Amino acid sequence: FAEELNVLFQRFAKIFIGCLAAVTSGMMYALYLSAYHERKFWFSNRQELEREITFQGDSAIYYSYYKDMLKAPSFERGVYELTHNNKTVSLKTINAVQQMSLYPELIASVLYQATGSNEIIEPVYFYIGIVFGLQGIYVTALFVTSWLMSGTWLAGMLTVAWFIINRVDTTRIEYSIPLRENWALPYFACQVAALTGYLKSNLNTYGERFCYLLMSASTYTFMMMWEYSHYLLFLQAISLFLLDIFSLEQSDKVYEVYKIYIFSLFLGYLLQFENPALLVSPLLSLVAALMLAKCLQLNVKKGSFVAKIIKVINFYLVCTLTITLNIIMKMFVPHKENGHMLKFLEVKFGLNMTKNFTMNWLLCQESLQAPSQDFFLRLTQSSLLPFYILVLIICLLSMLQVIFRRINGKSLKETVTLEDGRIGERPEIIYHVIHTILLGSLAMVIEGLKYIWIPYVCMLAAFGVCSPELWMTLFKWLRLRTVHPILLVSYYFFFPRLMTELMELQEFYDPDTVELMTWIKRQAPVAAVFAGSPQLMGAIKLCTGWMVTSLPLYNDDDLLKRNENIYQIYSKRSAEDIYKILTSYKANYLIVEDAICNEVGTMRGCRVKDLLDIANGHMVCEEGDKLTYSKYGRFCHEVKINYSPYVNYFTRVYWNRSYFVYKINTVISFQS
């Protein structure tokens with residue numbers, strides 16, 4: 001009895017220390033982000049306007065709606081104004097909650113007022129505090145996932161260490177706090193942790209039930225937070241489908257996960273204002289196809305030759321049904337086709353050529369290009385990439401070994417012990433290997449997807465390094481009898497560098513933008529409409545509340561067309577053409593940015609003015625293209641000189657080193 005009590009105590013102590021380490025890691029990371037953000041922007045020493053300017057591009061739009069919710073007389077009124085919003089973009093009424101996935105802002109505003117935080121903390125600190133807290137949950141979930149896979153919480157510590165060391169490639173939280181992915185990915189990490197536990201073969205009933213409930217809640221929340229979440233869940237569903245093919249024992253559990261997908265999709269459809277994108281998503285088509293194909297396997301004896309043939313037929317059937325169902329759904333469900341996304345992929349993979357400004361502008365974005373050599377160099381220097389490749393190779397070879405055993409009709413052990421060295425038989429390991437390979441394949445094409453892939457690379461590599469079972473598998477192949485798990489103490493190596501970053505004095509100083517926003521708030525009429533680059537328009541919406549002609553959002557065809565038209569102020573077009581474009585959107589003021597007009601830093605062919613010249617035929621893009629000579633100079637240069645006909649259409653009312661503001665004349669005089 002004393003021996004059993006001692007074993008229980010050791011097990012409890014191990015779990016307690018592991019949980020304490022997981023929670024502490026998450027809290028320390030959240031505090032680190034808060035301290036780093038303060039040192040980078042000197043946030044506490046700045047005025048409200050200067051703080052808001054630190055939110056750039058689409059981040060400014062998201063935070064501006066959080067402010068609007070706090071200003072609303074009631075929550076119901078605030079939601080109504082956002083769902084029937086006609087005060088942001090001129091001549092356009094939008095459902096901002098649906099179009100921009102503003103559920104995080106709705107939740108944050110409710111929590112801020114319901115908890116009485118308005119008497120304790122400023123709104124901006126509450127907002128960024130929630131996001132930093134979610135990042136703490138993010139790394140805690142990764143910690144737990146690696147712990148569940150390896151059996152030791154040291155793997156979780158190593159996961160967190162690698163995540164922080166490689167944070168340039170694991171997260172964008174340091175640059176754009178309100179991004180949807182920063183709100184959503186922590187919930188996905190919780191879902192993956194719950195799924196990992198759920199797939200384990202030796203899980204008891206209570207643990208299985210807890211994992212299932214956590215997985216259900218986190219899947220639905222993830223889907224509500226990010227408009228692209230169903231694409232990531234689609235990749236996860238493919239991973240589970242392939243797992244089902246390799247691991248017959250987990251088939252029932254996999255189909256329970258499919259039910260969670262269906263429930264989340266339909267509940268999300270109803271609560272996201274009947275969002276048709278969820279009904280025509282590939283996730284729903286795949287899950288429906290898998291459910292239909294399951295009927296073929298019901299009465300077939302497992303392990304028989306017929307069952308193997310059925311597996312092959314099943315794979316083909318699922319692929320065919322998925323495509324067919326998706327086509328049928330798109331035929332019968334009214335939806336806005338993301339035509340620009342399909343065109344982008346065609347051009348990205350060389351299937352088509354285009355001179356379209358929007359497509360070429362997207363292709364020039366660093367996050368949408370293939371990874372650079374620096375990316376692989378950083379991962380190699382931190383030792384993450386070499387260990388990930390090693391762990392991946394061992395797991396893949398072990399999986400292939402299991403598959404060949406199955407093909408040859410050899411039965412698998414019901415319980416796999418450490419000495420067996422068969423890590424490829426564990427369903428949760430198979431899932432994670434397939435999942436990281438799928439994510440990595442996409443990240444090799446579009447670098448921006450590395451922020452989804454690398455956190456799970458950290459987790460899988462840390463699991464492998466700290467897992468005795470993985471090394472036992474390797475050493476059994478090498479015919480060695482003993483194994484000593486390898487542990488890395490990366491914290492001590494990189495800890496001084498992290499502390500140095502916190503001690504460095506940085507300063508975010510943008511007086512020209514502060515002066516511009518101050519002038520707009522003091523001098524511009526309340527009903528004025530401003531035109532300019534989408535990024536600047538986002539800042540104007542946040543800092544002043546004035547209406548704008550465009551927004552830095554790329555999921556709406558109409559907004560993309562507006563952005564392209566407004567960008568014509570940097571092209572070689574006549575004053576009359578620009579005037580007609582601006583007045584068609586009821587713009588009263590035009591803002592020309594010197595940084596775009598005189599842009600020289602980026603690669604030639606990717607500058608805004610170059611892309612406009614290519615689209616307008618004023619620059620040769622490929623051999624055989626016809627060059628159209630423009631008799632007009634570049635508008636953003638010519639309008640500064642103040643001569644006719646430019647002064648007839650535009651009157652300069654404000655300028656500083658970075659910005660030139662012109663009032664768009666309503667009465668035009670052509671007197672020279």
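Colleague: Why is F43 called buried?
Modeller: F43 has a relative accessible area of 0%. Buried means under 20%, exposed over 50%, and partly exposed in between (1.4 Å probe, protein chains only). So F43 counts as buried. This is a predicted model: local features need pLDDT of at least 70, side-chain atom pairs pLDDT 80 or more, while totals for chains, interfaces and linings use all residues. Residues are numbered from 1 along each chain, and side-chain values use heavy atoms, without hydrogens or water.

Colleague: Why is Y125 called partly exposed?
Modeller: Y125 has a relative accessible area of 23%.

Colleague: What makes F43 and Y125 an edge-to-face pair?
Modeller: Their centres are 5.8 Å apart, with 90° between the planes. Rings of Phe, Tyr and Trp (its six-membered ring) pair if their centres lie within 6.5 Å; planes under 30 degrees apart are stacked, over 60 edge-to-face, the rest tilted. So the pair is edge-to-face. F43 sits in the loop between α1 and α2, and Y125 in helix α7, so the pair ties together parts 82 residues apart in sequence. Helices are DSSP runs (H or I, at least four residues), numbered from the N terminus.

Colleague: Why is the pair of F635 and Y646 called tilted?
Modeller: The planes are 50° apart.

Technical notes. Helices (H or I, at least four residues) and strands (E, at least two) are DSSP runs, numbered from the N terminus.
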